[in-house]
Amino acid sequence: MSQALLECAALDKRFGGVLALAEVGFSINRGEIYGLIGPNGAGKTTLFNALTGIYASDAGGFRFAGEALSGLRPDQIAARGIARTFQNIRLFGNLSALDNVMIGRHVRTRTGVFGAVLRTRAALEEEAAIEKRALELLGYVGIAARANEVARQLPYGDQRRLEIARALATEPKLLALDEPAAGMNATETLELKKLLERVRADGITILLIEHDMKLVMGLCDRVLVLDYGRSIAEGPPREVQRDPRVIEAYLGGAAAGASTA
Amino acid sequence: MKPGAAKQGTRGGTRGVSIFAQAHAKWVGLALIAVALIGLPFALASVGTAWVRIANLAILFVFLSLGLNIVVGFAGLLDLGYIAFYAVGAYAYALLASPHFNLHLPFWVILPMGALVACLFGVLLGAPTLKLRGDYLAIVTLGFGEIVRIFLNNLSQPVNITNGPQGISRIDPFRFGSFSFSQTETLLGLVFSGPIKYYYLLLLLLLLVIVVNLRLQHSRIGRAWEAVREDEIAARAMGIDTTSIKLLAFAMGASFGGVAGGMFAAIQGFISPESFVLVESVMVLSMVVLGGMGNVWGVVLGAVLLSFVPELLRYTVEPLQKSLFGRSVIEPEVIRMLLFGLALVLMMLYRPAGLLPSVVRKRELAKPEEM
Amino acid sequence: MDIFLQQIINGLTLGSVYAVVALGYTMVYGIIQLINFAHGEVVMIGAMVAFSVITALAGTALPPVLIVFAGILAAVPVCMLVGYAMERIAYRPLRGAPRLAPLITAIGISIILQHLALLVWSRNPLAFPQIIPLASFEVGGAIITGVQIAIILTSVLMMGGLTLMVYRTKLGIAMRATSQNPQVAGLMGIDIDRIIAFTFIVGAALGAVAGVMVGTYYGIAHYSMGSLLGMKAFSAAVLGGIGNLAGAMLGGILLGIVEALAAGYIGDLTNNVFGSNYQDVFAFLVLIAVLVFRPSGLLGERVGDRA
């Protein structure tokens with residue numbers, strides 16, 4: 001079994017005349033926490049969308065667990081083990097937190113129309129298992145007490161955690177998080193860091209886009225830096241931090257000052 | 001707190017009521033309703049057999065509304081041409097059990113066939129169009145409904161398939177050996193006319209359909225529909241094949257319509273394209289929306305109200321006008337449609353989630369709070 | 001070959017009317033993403049009002065052109081009022097609501113208007129008095145009547161006028177801005193409520209004239225004439241690209257020609273299996289085909305971001 005879980009090679013993505021991603025290549029190893037950073041507009045979310053099937057790449061592709069996944073639909077990719085959260089939080093707002101996570105179980109369960117209507121033993125058992133697992137996951141991310149609250153009325157930090165719980169419900173091999181710490185204060189960010197370390201300890205590889213450098217430094221094993229759609233550096237955060245190309249991308253010009261800590 | 005009890009709080013609808021009612025009161029209430037429903041046809045028959053027929057038609061509309069509720073209420077797909085599936089089911093039955101082609105297949109064979117044909121039409125229509133955004137889907141389905149009606153009206157030449165605007169008559173009633181649903185019989189001192197027999201059959205089937213709907217709603221599939229309705233992109237990201245799920249809703253809704261159509265053909269004994277015009281699609285959609293889209297009981301209420309109120313109007317307004325003005329100034333049909341149009345506008349302005357709103361829909365239509 | 005040119009002429013006439021009605025649909029959809037189901041009824045009311053006026057003046061010694069003009073003069077303000085009332089009372093309060101609500105409302109208004117018209121003008125089809133002299137001209141084997149020429153010219157005039165207004169006046173810029181991004185337009189000082197109301201009013205005015213044209217062309221008006229015509233015009237708007245003015249005009253004319261050609265030739269093409277009684281199906285088939293294969297229409301849609 002190879003070390004690399006996700007291998008991306010020479011990925012291009014165009015929007016009309018704009019080359020949003022150009023020959024992006026990297027690989028993520030099993031059990032890693034891998035960061036994706038870069039200035040605004042560098043193409044991070046575009047890359048995410050390409051990896052999760054929302055966009056089809058124009059050239060190149062990526063392999064996940066040995067299988068070529070480029071060109072598949074988002075639901076097919078989720079079925080194969082990549083689950084994601086969204087930069088702008090896309091919960092099922094009018095449903096309860098519990099329902100949100102239960103929906104996450106959809107892809108790993110099977111009860112269809114007949115099972116539902118006839119209430120077969122298998123269907124009832126599966127339904128009970130879905131609810132049980134959903135409650136467990138809510139507890140895992142720390143919002144078990146809010147199981148029956150309406151998702152869009154949850155406090156912001158809890159909404160982000162709910163999104164993670166929902167993604168975890170799909171039993172992913174790779175959890176892709178788009179700015180999970182956005183809008184969080186220092187305490188919440190610390191809790192998030194602990195949560196993600198626990199997720200990794202439980203065997204799930206993590207890919208995350210983040211702007212919070214403190215979190216990135218403390219959490220990620222390796223990072224990829226994008227700038228104008230190109231990967232300009234890849235490696236452990238401390239090394240990348242000192243890379244002059246990275247500094248230039250963030251600060252512009254011949255800036256060789258101290259790195260952000 | 002037990003998870004089961006907790007879920008009832010958010011799901012609302014029928015389970016919400018039962019928490020707060022004492023066990024005794026609930027059973028007494030149900031028993032009363034059951035007695036009322038069982039005795040209803042005889043009560044109506046004493047006023048006039050026509051009212052039993054009206055009740056039967058009302059039940060058929062409840063069927064249709066429940067079928068459309070799966071499409072519009074559960075899955076959130078706008079269908080303005082739903083009556084086409086009713087038409088397909090009705091004509092399938094009529095062609096297979098009438099003197100038209102001289103085929104007289106038994107009803108338990110034809111009804112499933114009608115459902116299948118309607119389901120097929122649903123899949124054919126849905127496969128290329130369900131990816132369209134909301135209002136476009138509405139228009140496409142409307143167009144489909146009209147196309148079906150125009151074909152039904154014109155497929156009398158060169159090969160007479162549908163008999164054009166004249167329709168198909170002398171359609172076989174349901175028959176079980178020598179027991180025919182159209183004949184009047186006396187049992188235990190009570191007179192069971194044809195319509196009364198059909199009433200009980202329809203009531204039984206309706207209860208079945210309601211149970212099926214409720215179970216679907218609170219199942220894995222029902223949740224998937226809710227997810228697609230809330231946020232299709234997120235639903236896909238969570239592994240739900242939204243295209244298939246939407247097609248499933250569409251096909252199921254179509255099947256319900258097809259079955260209802262077959263029963264309509266048998267009960268009425270005669271069908272023509274006139275019964276399947278656009279305004280009927282609008283009527284069924286209104287029953288779903290005004291009653292409470294997504295809430296099975298709301299939909300039932302909406303269908304019953306919109307079926308009975310116009311009839312009641314006709315029986316009261318006509319004599320009222322005659323006594324006041326000496327003649328009918330405004331035909332009841334026109335009053336009915338004016339009130340109907342007004343009801344649509346007023347409901348959307350003041351109570352868009354319907355009379356018995358589903359909990360989730362009410363939240364959707366509430367003013368967004370600041371986060 | 002005869003019938004081809006004739007059908008083209010008929011198609012152009014019909015198509016011009018579709019185009020004018022389609023403009024009403026496309027403007028409203030472009031600005032608030034609403035399919036104004038009741039627009040067809042506005043056209044119908046235009047025809048009915050004109051009918052009343054023309055019938056009243058038919059006995060007098062006024063020249064026919066003036067009589068028709070009087071009809072238009074009466075129809076336009078009535079329809080503008082109806083259009084404004086619709087927007088103000090029923091659509092404005094629902095501007096933020098999910099799509100289903102204004103759609104249902106539009107259907108409700110359509111039903112109300114139809115039956116009000118039924119009450120005012122009776123259930124029966126109304127025959128326009130034959131006051132327009134039958135002038136016809138021969139063109140390459142086909143015949144084009146004076147009425148047809150008048151309709152085509154009037155339509156072209158109105159389309160031209162609208163285009164001028166939308167692209168050359170301040171009001172037009174405001175309309176286009178509101179259509180693209182209502183929030184920002186509001187921040188720039190545009191009173192979007194007014195602009196939206198204005199859009200409805202202009203659409204209604206166009207519809208009124210279209211109604212008069214249809215009434216005088218076919219010689220009849222009927223309370224239910226709006227729905228089918230409306231559906232077809234909407235199909236034309238989608239065909240050309242919803243929200244796109246040029247698209248509505250192109251779509252309307254194309255649809256008219258396709259319909260006329262189909263009506264003329266379908267008997268021959270299908271060996272009389274399908275006759276011209278299937279004519280109405282074409283608009284719907286075109287609509288479905290466009291939405292399935294090219295939803296943005298021939299010239300591309302111009303719909304702004306929905307809030």
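Two strands count as paired if DSSP finds at least two bridges between them. Some bookkeeping before I use either term. This is a predicted model, where local features need pLDDT of at least 70 and side-chain atom pairs count only at pLDDT 80 or more, while totals for chains, interfaces and linings use all residues. Residues are numbered from 1 along each chain as its sequence is written, and chains are lettered from A and ligands numbered from 1 in the order in which they are written.

Chain A to begin with. Its secondary structure comes to ten helices and ten strands. The radius of gyration, taken over C-alpha atoms, is 19 Å for chain A, close to the 18 Å from the globule rule for 261 residues, so chain A is as compact as a globular protein of that length. That rule is 2.2 Å times the number of residues to the power 0.38. Along the principal axes, the C-alpha atoms of chain A fill a box of roughly 70 × 40 × 40 Å.

On burial, 49% of the 261 residues of chain A count as buried. Buried here is 20 or more other C-beta atoms within 10 Å of the residue's own, exposed is 12 or fewer, and partly exposed is in between, with C-beta atoms placed from the backbone. For contacts, the C-beta atoms of two residues, again placed from the backbone, must lie within 7 Å. Of the contacts in chain A with a separation of 6 or more, 65% are between residues 24 or more positions apart.

Now the strands. In β7(A), residues 174-178, five of five residues are buried. In a regular strand the side chains alternate between the two faces of the sheet. For β7(A), one side has Leu174(A), Ala176(A) and Asp178(A), the other has Leu175(A) and Leu177(A), and all are buried.

Which strands pair with β7(A)? One is β6(A), residues 82-84, parallel over three bridges, with Arg84(A) as the bridge partner of Ala176(A). Another is β8(A), residues 205-209, parallel over five bridges. There Ala176(A) stands opposite Leu207(A). Between β7(A) and β8(A) the chain passes through helix α7(A), residues 186-201, and this β-α-β crossover is right-handed. Right-handed means that, with the strands pointing away from the viewer, the path from the first strand over the helix to the second runs clockwise.

The pairing of β3(A) with β8(A) is parallel over four bridges, and Gly35(A) has Leu208(A) as its bridge partner.

Next, the interfaces. Between chains B and A, 29 residues of chain B are in contact with 33 residues of chain A. On the chain B side, α9(B) gives the largest share, seven residues. That side has 14 nonpolar, five polar and ten charged residues. The classes are Ala, Val, Leu, Ile, Met, Phe, Trp, Tyr, Cys and Pro as nonpolar, Asp, Glu, Lys and Arg as charged, and the others, Gly among them, as polar.

Between chains C and B, 33 residues of chain C are in contact with 33 residues of chain B. On the chain C side, the largest share is 13 residues from α4(C), and the classes come to 26 nonpolar, five polar and two charged.

Last, the largest nonpolar core. A nonpolar core is a set of buried Ala, Val, Leu, Ile, Met, Phe, Trp, Tyr and Cys residues joined through C-beta atoms within 7 Å. The largest has 300 residues, of which Ala249(B) and Val209(C) touch the most other members. Helix α11(B), residues 242-268, supplies the largest share, 15 residues. Beyond four places in sequence, the contacts of Ala249(B) include Phe74(B) and Trp225(B).

Definitions and conventions: Helix = DSSP H or I, 4+ residues; strand = E, 2+ residues; numbered from the N terminus.
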